[in-house]
Amino acid sequence: MKCMLCESFSLTHICQNCQHSFLEPKIYKRKIQNIDVISFYKYKDIKNLLHTKHTDMGYYIYNILAENSFKKFAEEFNYENTIHSIAVDDDSKNGYSHTAILNKHLKSKNIQPLFNKLQAENSASYSGKSKQFRLTNPRNFELTKIDAKQIILVDDIITTGLTLNEAIIKLEQNSLKPLFCLTLADSSLK
Ligand SMILES: [Zn+2]
């Protein structure tokens with residue numbers, strides 16, 4: 001097949017050269033309610049790759065993105081005990097869930113991913129919508145009981161932060177402590 005970015009022959013959808021050149025993760029931080037949100041990319045830099053999540057191709061692209069970022073983060077993550085990670089709204093709609101792919105790559109010495117725990121009852125798309133629309137259409141998360149205390153929250157993109165804010169509140173209402181959040185990309189970064 002051809003590399004999606006440089007069109008040279010490649011065994012994967014993005015060739016190794018392009019992965020090295022364009023997908024080297026950085027650590028960007030912002031805060032929601034005093035909780036760190038760590039992102040690995042600027043949204044504008046990988047926008048076209050993120051948009052593949054609406055297609056079958058997204059399965060492969062999100063695996064490549066996760067290998068370059070979430071997996072590396074998890075391998076270097078040291079903590080005193082094992083903590084659990086859950087992804088925002090990881091119900092698989094088109095045969096796969098892009099947030100579950102990210103979460104899966106956190107599996108490591110100190111991180112144990114859990115799946116299908118936090119689902120949005122309201123599935124209205126936030127993509128391209130105003131903050132006002134997002135405020136008046138909350139996600140209404142449903143949380144399945146979790147036998148854990150400390151949680152890493154996972155999502156793919158942070159924009160206004162309203163979704164993660166709502167997810168954090170839901171966890172706290174259930175006596176779960178979000179340690180920090182991980183997202184692939186932050187759209188507030190210029
Ligand atoms: Zn390439």
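The model is predicted: local features need pLDDT of at least 70, side-chain atom pairs count only at pLDDT 80 or more, and totals for chains, interfaces and linings use all residues. Residues are numbered from 1 along each chain as its sequence is written, and side-chain values use heavy atoms, with hydrogens and water left out.

Start at the zinc ion. Cys3, Cys6, Cys15 and Cys18 coordinate the zinc ion through their SG atoms, at 2.3 Å. Donors here are N, O and S atoms within 2.8 Å of the metal (3.2 Å for Na, K and Ca); water is not among the atoms, so sites may look incomplete. Along the chain, the donors are spaced C-x2-C-x8-C-x2-C. The arrangement is tetrahedral because the 4 donor atoms subtend angles of 106 to 114°.

Buried means under 20% relative accessible area, exposed means over 50%, and partly exposed is in between (1.4 Å probe, protein chains only). Cys15 has a relative accessible area of 6%, so Cys15 is buried. Cys6 stands at 37%, so Cys6 counts as partly exposed.

Glu7 sits in the segment before α1 (16–22). Helices (H or I, at least four residues) and strands (E, at least two) are DSSP runs, numbered from the N terminus. Glu7 is not a glycine, yet its phi is positive, at about 65°. Most residues other than glycine have a negative phi. With a relative accessible area of 56%, Glu7 is exposed.

Next come the salt bridges. A salt bridge is a side-chain nitrogen of Lys or Arg within 4 Å of a carboxyl oxygen of Asp or Glu. The count comes to 4 salt bridges. One of them joins the side chains of Asp186 and Arg30, at 2.9 Å from N to O. This pair links distant parts of the chain: Asp186 lies in strand β7 (residues 177–186) and Arg30 in strand β1 (residues 28–32), 156 residues apart. Asp186 and Arg30 are both buried.

What else does Arg30 touch, not counting residues up to four places away in sequence? Its contacts (heavy atoms within 4.5 Å) include Ile35, Asp36, Val37, Ile158, Thr159 and Ser188. The C-alpha atoms of Arg30 and Leu189 are 10 Å apart, although 159 residues separate the two along the chain.

Lys53 is in the loop between α2 (43–50) and α3 (57–68), while Asp156 is in strand β6 (residues 150–158), 103 residues apart. Lys53 and Asp156 are both buried.

Lys44 and Asp45 also meet in a salt bridge, at 3.4 Å from N to O. Lys44 is partly exposed, with a relative accessible area of 49%. Asp45, at 53%, counts as exposed.

Is Arg139 buried or exposed, and what is its nearest side chain of opposite charge? Arg139 is buried yet has no salt bridge; Asp89 is that nearest side chain, 5.6 Å away. Lys and Arg count as positive and Asp and Glu as negative; His and the chain ends are not counted. Arg139 is found in the loop between α6 (131–136) and β5 (141–143). Beyond four places in sequence, Arg139 touches residues including Ala120, Asn122, Tyr126, Thr163 and Glu166.

Asp89 itself lies in the loop between β3 (83–88) and α5 (98–104). Asp89 is a residue other than glycine with a positive phi, near 50°. Its relative accessible area is 21%, so Asp89 is partly exposed.

Finish with two helices. The expected span of a helix is 1.5 Å times one less than its number of residues. Helix α3 has 12 residues and should span 16 Å; its end C-alpha atoms are 17 Å apart, which agrees. Among its buried residues are Ile61, Tyr62, Ile64 and Leu65. Helix α7 (residues 162–173) also has 12 residues, and reaches 17 Å from first to last C-alpha, close to the expected 16 Å. The buried residues of α7 include Thr163 and Glu166. Just after α7, Ser175 takes a positive phi of about 60°.

Terms used
Tetrahedral: all angles 85-135°; square planar, octahedral: opposite > 155°, others 65-115°.
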